[in-house]
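Reader: I would like to go through the labels on this model. Tell me what stands behind each one.

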Amino acid sequence: MANTPGAKKAARKIARRTEINKARRSRVRTYLRRFEEALSAGDATAAKSAFVDAQSELMRAVSKGVFHKNTGARKVSRLAAALKKLSNSAA
């Protein structure tokens, strides 16, 4: 357990930051789920708008330090590939 005042403050800061990051990660997962649902429904227009939202939310989480830059890029790339596959099969 933290003994010095500085260590106690650091522990409080970490607890606050953890809560914020948990909320951000949950928010990203929600947007990814919405995109997956639009994909499975086969709705290209809904999937396109869900992709834009999911990409935006993922990159925001990357900029806030919740995800690594390459992780965000990889996830967005996979979402884009899935969207492209859907739009090619629909056309």
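Author: Start with Phe35, which is buried, with a relative accessible area of 0%. This is a predicted model, where local features need pLDDT of at least 70, side-chain atom pairs count only at pLDDT 80 or more, and totals for chains, interfaces and linings use all residues. Residues are numbered from 1 along each chain as its sequence is written, and side-chain values use heavy atoms, leaving out hydrogens and water.

Reader: Why is Phe51 called buried?
Author: Buried means under 20% relative accessible area, exposed over 50%, partly exposed in between (1.4 Å probe, protein chains only). Phe51 has 9%, so it counts as buried.

Reader: What makes Phe35 and Phe51 an aromatic pair, and why is it called tilted?
Author: Rings of Phe, Tyr and Trp (its six-membered ring) pair if their centres lie within 6.5 Å; planes under 30 degrees apart count as stacked, over 60 as edge-to-face and the rest as tilted. Here the centres are 6.0 Å apart and the planes 55 degrees, so the pair is tilted. Phe35 lies in helix α1 and Phe51 in helix α2, 16 residues apart. Helices (H or I, at least four residues) are DSSP runs, numbered from the N terminus.

Reader: How do you know that the charged end of Arg34 sits over the ring of Tyr31?
Author: The rule asks for NZ of Lys or CZ of Arg within 6 Å of the ring centre and within 35 degrees of the ring normal. The charged end of Arg34 is 5.1 Å from the centre of the Tyr31 ring.

Methods
Helices (H or I, at least four residues) and strands (E, at least two) are DSSP runs, numbered from the N terminus.
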